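Try each task with the viewer open, then read the solution.

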Amino acid sequence: MFKTIASLKIGEKAFIEKLCLDNIPLKLLEMGCLPGIEVQLIQKAPMQDPLYIKVNGSHLAIRKETAEKITVVNY
Amino acid sequence: MGVDKVIKVALIGNPNTGKTSLFNQLTGLKQKVGNYPGITVEKKQGFCKLNEIIKAEITDLPGTYSINPTSMDETLVLDTLLDEKGNTFPDVIIVVVDIENIKRNLLLFTQIKDLKIPTILVINMVDQMERKGIKINVPLLEAQLKTKIVLASARKKIGIEQLKDVLIDYKKLDTTPISNISERIDKEYFTKLKNAFKEFPLYKSWLLITQIQEFEFLSEKQQELVLKFREDLDCIKRYQHRETILRYQIINEILKESFVVDTAKATDLRGILDRILTHKVFGYVIFSLILLFIFQGIFDWASYPMDLIDGAFASLSSWVKTVMPPGTFTNLIAEGIIPGIGGVVIFIPQIAILFTFISILEETGYMSRVVFLMDKIMRRFGMSGKSVIPLISGTACAIPAIMASRNISSWKERLITILVVPFTTCSARLPVYAILIALIIPNKPVLGILNLQGLTMMALYLLGFTAAILSSILLHKVLKINNKSLFVIEMPNYKIPSIKNIFYEVVEKTKAFIFGAGKIILALSIVLWFLASNGPASFKNAEETITSQDKNKDISKEELQKRIASYKLENSYIGYMGKTIEPIIKPMGYDWKIGIALISSFAAREVFVGALATIYNVDSDGEDVGTIKQRMAAEINPDTGKKRFDFPTGISLLLFYAFAMQCIGTLAIVKRETNSWKWPILQLVCMGVLAYVSAIIAFNFLS
């Protein structure tokens with residue numbers, strides 16, 4: 001199974017490996033979610049969704065369904 | 001003073017960059033809010049004197065992260081920048097970026113720069129630079145970005161004068177794009193595109209073909225070409241992604257040399273606040289407390305100025321009657337216009353208080369945490385975390401609330417929010433509730449600290465929210481809309497709110513309400529007064545008819561006057577209207593007088609109280625100016641001999657007003673925002689049926 005942003009632990013950092021371009025909106029890329037960029041899961045909302053992440057210097061909240069489509073690799 | 005040159009300036013930036021602060025600093029109170037043609041997005045414009053002869057007309061465009069729009073207000077930025085013949089097309093653009101998020105902010109800058117319009121970069125919040133350990137090499141950055149940079153702190157008034165100087169010399173700005181991104185993507189493709197639209201900058205042509213919308217300013221031939229390019233959607237999508245990745249690469253390269261951050265200096269106050277404010281228990285507790293505090297403000301604090309306003313207008317009316325010669329004109333002023341204006345002014349305290357709270361929550365950055373906290377819950381009802389803001393705003397007025405739903409990018413979530421917002425208890429319902437509660441619910445303490453009337457009011461608020469939630473669940477199940485949701489929100493850093501920004505925001509929102517809804521209320525009050533003081537032949541002969549009746553022979557002069565007035569009202573135009581609908585409203589327990597109030601409040605709910613005031617004012621002999629409440633309490637139902645506003649009738653009215661869609665302004669805004677008559681008509685019918693049925697059930701059950 002691929003590791004995605006959704007499967008990170010709180011505080012854990014990883015690098016974005018691939019964004020599934022058909023499912024990921026352009027807006028997410030424009031907000032700084034790019035392949036090769038470090039992403040950190042900061043917090044999960046109650047009920048585990050949405051996810052609060054830090055990526056490329058930006059603090060963003062994205063829904064779990066979106067996070068599951070972004071695969072990551074550890075160092 | 002001769003000002004003979006106006007430069008058109010567009011202010012653009014990501015949300016939370018202090019763009020509005022800068023706008024307020026530049027324009028001060030010389031602002032105007034208009035609407036863009038065809039849509040209801042507010043157009044904020046203001047003037048700023050640059051020197052003795054040059055003035056800047058500044059348009060504050062909605063905040064956006066990219067030039068590629070994902071919601072209605074973002075579309076506006078693109079439209080403004082692409083339509084060269086449009087009347088807001090700028091001579092020069094100011095892009096505002098926040099020093100802390102400069103990397104992401106520069107994406108928008110590089111896109112705009114490629115349109116070859118003179119562009120100035122304002123780096124805002126530079127007063128934070130030292131504290132955050134940031135160093136910028138401005139001359140180097142200016143050379144790399146091919147622009148003029150102004151370091152500013154809009155809140156501390158740093159850099160404003162320098163910005164004005166740069167604006168004056170805008171013609172000297174470099175308009176070449178930052179780098180040849182298109183060549184790095186696919187040289188052949190972009191050469192083809194360039195040759196197809198020789199009249200446009202290449203990036204503009206690229207934007208034209210990547211959007212789904214139609215651009216009205218294009219000629220027929222250009223439209224055709226655009227459509228032909230759009231056919232290869234996969235290719236466009238791929239290149240858009242490439243473009244974004246390349247832009248970030250360029251930005252990273254640039255910033256590597258000219259921008260240094262010493263991360264050791266960053267503090268983690270944000271992290272601590274986040275952990276508390278979005279905590280699974282404390283987060284909700286804090287949010288509930290804030291909501292309670294807001295409602296306390298709307299009810300409790302607002303009631304003092306509201307009572308003052310109410311009293312002032314009542315005494316103004318009676319004063320006018322004593323000083324002006326009796327006649328139609330005096331009556332028009334004292335019974336039509338003054339109560340009409342009073343009916344608008346009385347809402348100002350509540351609306352101002354509510355918008356003060358909302359803008360504080362937005363300014364501090366807390367609102368994003370609420371969205372984060374509530375998103376999963378709201379999604380069960382087919383809405384988004386972002387729907388929370390419209391639902392709270394709805395407690396002031398549904399019109400700005402529906403407009404606030406514009407940043408919800410999923411159409412289904414936005415539509416459901418728009419459809420259910422009118423159920424929330426807006427301030428127009430408050431005077432109706434207040435007067436009815438005062439009439440039917442005893443003012444008794446409950447459990448020592450609470451009050452029965454207050455509790456009833458709270459129950460009505462809960463009823464509104466429950467109706468909104470239940471109908472959203474229903475809509476979520478019924479509406480078959482492909483919901484390709486896109487939910488990305490920025491979690492901005494916490495900020496101390498700027499009093500100036502809040503003040504402008506509140507003034508603007510209140511003004512919009514007064515001039516929007518206010519006009520309708522005032523006009524209706526006057527129409528109503530006219531309909532109540534004129535009528536067909538039977539109305540004109542009222543005096544003779546009553547005086548000649550045998551049963552009226554032996555009564556006092558005062559009693560006679562009262563009977564004449566009452567007869568007049570019954571035979572006025574509005575009396576006839578009320579009587580016509582009486583059979584329909586009888587099952588709910590209403591008579592023709594309440595019918596008159598119902599008819600008039602189909603335009604706007606608050607007119608109910610004004611209408612009753614007019615009715616009972618005309619009905620009384622006009623000299624005893626008591627409060628409306630006293631007059632309503634004294635009214636007797638001739639069928640039962642009991643009070644007209646008894647418990648069953650009161651409850652039935654409360655339910656009717658809680659559910660019915662009685663607001664022309666809201667219907668108009670829903671039509672404009674959904675671009676179809678289908679949704680406002682659906683709202684009107686469904687809410688009307690619900691109101692009618694529940695009022696009938698309640699009345700018959702209770703009596």
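**Exercise 1: two helices in chain B**

Work out how helix H28 (residues 647–659) of chain B and helix H30 (residues 678–702) of chain B are arranged. Keep in mind that this is a predicted model.

*Solution.* Start with the axes: those of H28(B) and H30(B) come within 8 Å and cross at roughly 165°. Angles over 145 degrees count as roughly antiparallel, so H28(B) and H30(B) are roughly antiparallel to each other. Next comes the hand, and the crossing of H28(B) and H30(B) is right-handed. Now look at who meets whom: residues of H28(B), including Ile651(B), Leu655(B) and Phe659(B), meet residues of H30(B), among them Leu690(B), Ala691(B) and Phe699(B). Sorted by class, this contact has 13 nonpolar, three polar and no charged residues.

**Exercise 2: strands of chain A**

Which strands pair with S1(A), and in what sense?

*Solution.* Take strand S2 (residues 38–44) of chain A: S1 (residues 13–19) pairs with it in the antiparallel sense over three bridges. In that pairing, Lys13(A) has Gln40(A) as its bridge partner. Then turn to strand S5 (residues 70–73) of chain A, which pairs with S1(A) over four bridges, again antiparallel. Here Phe15(A) stands opposite Val73(A).

**Exercise 3: where the chains meet**

Describe the side of chain B that touches chain A.

*Solution.* Begin with the totals: 27 residues of chain B are in contact with 25 residues of chain A. Helix H9 (233–258) of chain B is one of the elements giving two or more residues to this side, and its five residues make up the largest share. By class, the chain B side has 11 nonpolar, nine polar and seven charged residues. Finally, check for strand pairing: strand S4 (residues 58–62) of chain A and S12(B) pair in the antiparallel sense over three bridges, with Leu60(A) opposite Glu490(B).

Definitions and conventions: Residues are numbered from 1 along each chain as its sequence is written. Chains are lettered from A and ligands numbered from 1 in the order in which they are written. This is a predicted model: local features need pLDDT of at least 70, side-chain atom pairs count only at pLDDT 80 or more; totals for chains, interfaces and linings use all residues. Two strands pair if DSSP finds at least two bridges between them. Two residues are in contact if their C-beta atoms, placed from the backbone, lie within 7 Å. Ala, Val, Leu, Ile, Met, Phe, Trp, Tyr, Cys and Pro count as nonpolar, Asp, Glu, Lys and Arg as charged, and the others, Gly among them, as polar. Axes are lines fitted to C-alpha atoms, for helices over the stretch in contact, and angles run from 0 to 180 degrees between N-to-C directions. Angles under 35 degrees count as roughly parallel, over 145 as roughly antiparallel, 65 to 115 as roughly perpendicular and the rest as oblique. A crossing is left-handed if the near helix is turned anticlockwise from the far one by less than a right angle, and right-handed if clockwise.
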